[in-house]
Amino acid sequence: MSVGFAMAEKHLAGKFNKEDAKVVDHYTYVLASDGDLMEGISHEAASLAGHNQLDKLIVLYDSNDISLDGDLNKAFSEDVKGRFEAYGWKHILVKEGNDIDAIDKAIEEAKAQDVPTIIEIKTIIGYGSPNKQATHGVHGAPLGEDERKLTFEQYGLDPEQRFNVPQEVYEIFQQSMLKRANEKEEAWEKLVEDYTSKYPELAEEFKLAISGKLPVDYQRSVT
């Protein structure tokens with residue numbers, strides 16, 4: 001699906017963008033696991049993405065070396081870096097999954113590529129669980145009440161509050177993420193407004209394309 005999204009972005013950008021008005025200019029991000037990369041369809045999709053040089057496709061690969069049955073090497077031992085480079089991708093390794101700055105730097109590096117990128121991020125599954133982190137015991141199974149309490153304590157949370165989102169989290173989300181998203185949306189809407197004034201016929205076709213609707217006379221083009 002993500003490869004389809006990235007192909008659509010590249011097609012629409014090539015058809016509608018102008019030097020002074022890039023109305024289609026976004027990235028497609030994927031959160032993928034070891035299990036996802038084992039799937040046969042991932043090979044076909046990755047090959048297609050590399051062939052078409054879908055440079056705005058970025059995969060964040062959660063590489064934790066654990067599967068549902070135990071250590072990953074019992075079921076999966078391929079060279080992921082070599083595989084994706086053979087497909088024509090850029091591979092970037094982030095050694096510490098909790099290093100947000102390193103992940104951000106890797107994403108910026110990916111954006112500078114002219115091919116799709118897979119960012120392999122080494123993580124610890126169940127991070128913070130004193131007795132189950134880095135084991136398959138936390139893969140697809142609840143921690144259990146005792147381990148849940150220990151994990152809450154590990155993070156400095158009240159173990160008696162089973163589900164509580166601190167007010168600080170809401171405030172950060174409102175002040176940073178939502179504010180930034182709203183600003184970007186307003187800027188894009190202004191861009192489309194200017195684009196419509198300069199290129200009215202293209203703008204009409206563009207708006208129809210992103211609406212998901214077919215032209216009234218589309219049957220003449222397919223018969």
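Visitor: What makes a contact count as a salt bridge?

Guide: A salt bridge is a side-chain nitrogen of Lys or Arg within 4 Å of a carboxyl oxygen of Asp or Glu, and this predicted model holds 15 salt bridges.

Visitor: Why is the contact of Lys56 and Glu9 called a salt bridge?

Guide: The N to O distance between the side chains of Lys56 and Glu9 is 3.8 Å, and the limit is within 4 Å, so the pair qualifies as a salt bridge. This pair links distant parts of the chain, with Lys56 in the loop between α3 and β2 and Glu9 in helix α1, 47 residues apart. Glu9, Asp25 and Lys56 are also linked in a network of salt bridges.

Visitor: How do you know whether Lys56 and Glu9 are buried or exposed?

Guide: Buried means under 20% relative accessible area; Lys56 has 15%, so Lys56 is buried, and Glu9 has 6%, so Glu9 is buried as well.

Visitor: Why is Arg162 called exposed, while Glu145 is called partly exposed?

Guide: Exposed means over 50%, and Arg162 has a relative accessibility of 54%, so Arg162 counts as exposed. Glu145 has a relative accessible area of 34%, which lies between the cut-offs of 20% and 50%, and therefore Glu145 is partly exposed. The two residues form a salt bridge, their closest N and O atoms being 2.7 Å apart.

Visitor: What makes Lys190 and Asp194 a salt bridge, and where do they lie?

Guide: Their closest N and O atoms are 3.0 Å apart, which is within 4 Å, so they form a salt bridge. Both residues lie in helix α7, four residues apart, about one turn of the helix.

How values were computed:
Residues are numbered from 1 along each chain as its sequence is written. This is a predicted model: local features need pLDDT of at least 70, side-chain atom pairs count only at pLDDT 80 or more; totals for chains, interfaces and linings use all residues. Side-chain values use heavy atoms; hydrogens and water are left out. Helices (H or I, at least four residues) and strands (E, at least two) are DSSP runs, numbered from the N terminus. Buried means under 20% relative accessible area, exposed over 50%, partly exposed in between (1.4 Å probe, protein chains only).
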